[in-house]
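Please have the sequence and the 3D view open.

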Amino acid sequence: MRLTTQELNESIGRADDEFFENIEQYQSLVGKMLYLTLTRSDIAFSVQTLGQFLQQLKKSHWEAAIREMRYVKREPELGILLSIHKTNKLSVFCDADWASCPNTRRSVSGFLVKHTDSLISWKSKKQNVVSRSSAEAEYTSMANPVSRGSMGDCVDERVRE
């Protein structure tokens with residue numbers, strides 16, 4: 001489901017999605033889901049997307065947040081599990097979704113870091129600039145987890161211990 005801003009809807013002539021009045025309730029729910037992403041990496045991308053609409057809330061955003069909470073309630077066993085294997089292997093995976101934001105046409109990059117089979121860090125973020133091709137978006141995605149600025153996100157206190 002693609003969530004859009006009210007301005008984009010008005011510019012393309014779509015007026016079927018009205019504003020949602022209870023902004024504080026939505027902000028509270030998204031805040032709780034942000035906390036939940038510490039152990040549920042499977043919802044990190046959708047919560048990040050919901051967080052982009054904290055100020056100009058529409059009814060479709062609220063419905064998407066409720067749908068996300070129903071998913072969490074239906075699948076409680078999908079939390080992070082730590083491996084008991086004693087190998088010392090660090091793996092990094094990354095990907096990009098080219099021009100996935102319908103509002104800004106920027107790509108979304110994501111990466112995850114695993115130690116043996118245990119997920120230890122992940123991040124999903126809208127890229128700073130608009131990529132001209134999917135290859136450029138992928139190269140930017142690969143640079144994020146290995147660049148000096150992002151390694152602080154990637155290798156934090158949990159890994160150093």
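How many bridges join β1 to strand β2, and in which direction do the two run? β1 and β2 (residues 108-115) run antiparallel and are joined by 8 bridges. The model is predicted, so local features need pLDDT of at least 70 and side-chain atom pairs count only at pLDDT 80 or more, while totals for chains, interfaces and linings use all residues. Residues are numbered from 1 along each chain as its sequence is written, and side-chain values use heavy atoms, with hydrogens and water left out.

**Sheet**
- The open sheet has 3 strands in the order β1-β2-β3, with antiparallel pairing (pairing requires at least two DSSP bridges between two strands).
- β1 (90-97) and β3 each have a single partner strand, so one side of each is left without a neighbour in the sheet.
- From one strand to the next, the twist averages 10 degrees.
- In β2, K114 is the residue opposite S91.
- Helices (H or I, at least four residues) and strands (E, at least two) are DSSP runs, numbered from the N terminus.

**Helix on the sheet**
- α5 lies across β1 and β2 and runs at about 145 degrees to β1 (axes are lines fitted to C-alpha atoms, for helices over the stretch in contact, and angles run from 0 to 180 degrees between N-to-C directions).

**Q127**
- Q127 sits in the loop between β3 (118-126) and α5 (134-146).
- Q127 counts as buried because its relative accessibility is 4% (buried is under 20% relative accessible area, with a 1.4 Å probe and protein chains only).
- Beyond neighbours within four places in sequence, Q127 is in contact with residues including A96, R106 and T140 (contact means heavy atoms within 4.5 Å).
- The Q127 side chain reaches the backbone oxygen of A137 at 3.0 Å.

Methods. Buried < 20%, exposed > 50% of the residue type's maximum accessible area, 1.4 Å probe, protein only. Polar contact = N/O pair within 3.5 Å; in protein donor to acceptor, adjacent residues only side chain to side chain.
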